[in-house]
Amino acid sequence: MQNNLKTISVPFALDFDEMNRWLLDSLDLVASLGDISHSGRKQQRGPLPPVQEIKPVLRKLLDFQVMAFFKINEEDLDFTLIDCDPIGERTLIEEELEYHVEKGTFAWALYQNRPVVIASDVLGKRTLFHVMATKKRILGMFMGILDYDDPFIPDAIQKLVSIALLNCASLIENSILYDELNTYTNELEEANNTLKQEILERKLLENELVQAQKLEAIGQLAAGIAHEINNPAQFIGDNIRFLQDSLPKILILIEKYRHMVKAAKEGAIPPELGLEVSDYEREMDINYFLKEIPITITQSLEGINRISKIVSAMKVFSHPGGEEKIHTDINKTIESTITVARNVWKYVADVVTDFDQYLPLILCYPGEFNQVILNIIVNAADAIADTLDNGSGTKGTITVSTQQKDDWVEIQIKDTGSGIPETAKTKIFDPFFTTKEVGKGVGQGLAISHNIIVEKHGGMLTFETAMNKGTSFIIKLPINPETQSTA
Amino acid sequence: MKKQILFVDDDLKVLDGFRRALRTMRYQWEISFAESGEKALKILARKPYNVIVSDMHMPGMSGAELLREVMERYPHIVRIILSGHSNQDTVLRTIGPTHQYISKPCPAELLITSIKRVCTIQNLLPDHEIKRLVSKIASIPSHPSRYTEIINVLKSPKPSVKKVGEILSKDIGMSAKILQLINSAYFGLPQHVSGPAEAVIYLGHEIIKKLFLSEQIFTQFQPRTLENLVMASVWEHSLTVGILAKQIAQQQTRDQKTINYSYIGGLLHDIGILILADILPAKYEEVIYLVEKEEIDLCTAEWELIGSCHDKVGAFLLGLWGFPDPIIDAVAFHHTPSESQTRNANSLMAIHLADVIDLQASKLGEAYRFPKPDSTFVDQIGLANELSYWEEVHKEVILKQKYI
């Protein structure tokens, strides 16, 4: 089928077979354009690749001595030569272009959506112009110098040239769009990366904030924890000193008893020996020791227990936590936080716990979860202290309960404190919001708690409050964080 | 007569522990226990007590509130805080009503020693008004110019703690208060610092600022009070005695504690004069008038009009504040060293000698009719021959002070 399209220069002279074959060849050519557009997309971008691809097609249609492609510059509507074939005829093309621009034929051809063949006075040949345009816009101009001076180009060929150049224009348009898309995608990707970086930095900052708040909380606790340890240390020391002071007296008594046993073995206990023993018993006040020593030992052991309890609670509380959530016994971890914070609440409130003993283990970050519980307990104690300052006298109550509700574990921390005023209700989870006096907290506690429960655990943190009656904070944690999301 | 001691703690087991560990003292002390401030006040109303030892944090009335109440109602009772807390803010809030802070856990022996000491110092003063007045003192007024200097340093853009320490160590009242704070085991600092300047640095900028600017525990003498000879020269005299006593002690011993005590004791030896001028201003003006017009010395005049002398008054307050025994001893007997029961009293000797040497050479000596060293005491420790040597050293000290 090579070059056979243009051989039929006089279509009406064709017989049916020839006509039929020509038609099929034309259709083949049109179909082959689809291949170009297909391969064009994969290739290098810019207007040149489609131009290179279209040249052999055009050659099949007409014998061009020179083919030239111009690209329009959308800014100033100037045309630039982007391809000239053969390249050596570049000057010729430029002269020809200048001639037609001056004559106005170039401009005229631009608005004809068909091939325009114009005789050139310069060359004495004919030049074919065809705009390269999509429906949207003009992209450039094709200019071909025909090798022969036959003015007649069959309509069918003209149509095929139009189809080929329209296709070329579409490809160029595509490539432009593709470029734009690419730029846009790149920008998007860049923006995305920046955003990711920012999120990462924010996370780091948030973690630092959580750490800082934790340190602040621990700082508040440290003095209290020292007190909780120093008190038992005081009485354990005193008790042991008492035992130490008692021992010599008891040893003397034992010595006297031995004398008595020895005498008994030898036959009889002389009455004065018995009298000596009972005198000494009275003198040293044996009954006091018999009564006191067992209590001393019990109390000392209790003291040791108190110290161990707070030390092990501290261990649970200050769990450093890692990247991974771990299965946690929520009841136990809450219990230790209450113990660690004992000095915060014990002067103002009693803590009552009502734990659901059948709670499943929950996947969570225990260190951060403890921090939330601590924040809420400290707030509860402060709220109760406010009511005590107002002179209501007796201690308040902090009730901590846990229970399972469907796929959730609900933790409720209820106080009998002053309640949250209407004006503060909407702000309590805001960072840096605080009603406490300067130096008593930076107002990060609840904001961070909210973040820990909602963002990190996919849970919920809400509260109910009534002025002068108290506040309940309710934490809900999903039992299966992987499959559940915040309702 | 048995001493009456009251322990207050909301932890009943702590009270049980005291009861057992202090059982050995049952022939000297009668100990009562209360588990709250409110109950403590009820118990105190029943009979006179000598010492109260209270926990700090308790439900309801706190230890500080209790001691403040005790200070108002029963000023003669020695007020001690025994607390496991180490919160500096709380401490600062209680410096007023508290004589001593002791940290839990405190070994029973140390507790016994501390209580015994405050019981012993009770004998320094007669049981009347003056004892109650001194027991109520929270701080001793400062020399107004020193006080202003410190405030200026603290309010400057770049306050230097070192500078504050230097100025403060020239004031008797502020030095005593700072040393009381540093000595209280509460701050968890070394028991013995060589002097007030180091104590200021140890306490640090934040606390010093709080003490001066927000807590305002320091007061000042009215300039009018300082117009007479005694009051005008007591600060300079004290500083000289401190420096000279330190040098004497350095020659006598290598024990750093004794050397430090000689300096601190020398600086504070006349603190009783300031106390009396503060708590009994009108009476003390009479005392000074008597000294200036009549042919009697300061101590005699004080005895005559007040019923006690500044040496015992000063020692009594320092004793309440938990100063170490050698300093209390040296302050109490700096005029009459042979009356001291303490043997090998190097600090007392150094301070007595330094005091006499400075009085013989200064205007203030007039108020004492230019006393001589206690010959039996000085002979006893073999210092008599060296007197002229120390007089030379004294001249150097005076000279140096003038140039600083």
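Which residue in E5(A) is the bridge partner of Met132(A)? In this predicted model, that partner is Gly140(A), and the pairing belongs to a set of eight bridges that join strand E4 (residues 126-133) of chain A to E5(A) in an antiparallel arrangement.

**Strand E5 of chain A and its partners**

- Strand E5 of chain A spans residues 138-146 and is mostly covered, with eight of its nine residues buried.
- The link between E4(A) and E5(A) is a hairpin of four residues, and the two strands that it joins run antiparallel.
- Strand E1 (residues 64-73) of chain A also pairs with E5(A) in the antiparallel sense, here over seven bridges, and within E5(A) it is Ile145(A) that stands opposite Val66(A).

**Fold and dimensions of chain B**

- Chain B contains 20 helices and five strands, and its C-alpha atoms fill a box of roughly 60 × 55 × 45 Å along the principal axes.
- Because a compact globule of 404 residues would have a radius of gyration near 22 Å, the value of 21 Å for chain B agrees with such a form.
- Among contacts in chain B with a separation of 6 or more, 70% are between residues 24 or more positions apart.

**Burial, surface and charge in chain B**

- Of the 404 residues in chain B, 58% are buried, while the chain exposes about 16800 Å², of which carbon and sulfur atoms supply 51%.
- Chain B carries 44 positive and 47 negative side chains, and the centres of these two sets lie 7 Å apart.

Methods: Residues are numbered from 1 along each chain as its sequence is written. Chains are lettered from A and ligands numbered from 1 in the order in which they are written. This is a predicted model: local features need pLDDT of at least 70, side-chain atom pairs count only at pLDDT 80 or more; totals for chains, interfaces and linings use all residues. Side-chain values use heavy atoms; hydrogens and water are left out. Buried means under 20% relative accessible area, exposed over 50%, partly exposed in between (1.4 Å probe, protein chains only). Two strands pair if DSSP finds at least two bridges between them. The radius of gyration is taken over C-alpha atoms; the globule rule is 2.2 Å times the number of residues to the power 0.38. Contact means heavy atoms within 4.5 Å. Accessible areas come from the Shrake-Rupley method with a 1.4 Å probe; for residues, only the protein chains shown count as cover. Lys and Arg count as positive and Asp and Glu as negative; His and the chain ends are not counted. The place of a charge is taken as NZ of Lys, CZ of Arg, CG of Asp or CD of Glu.
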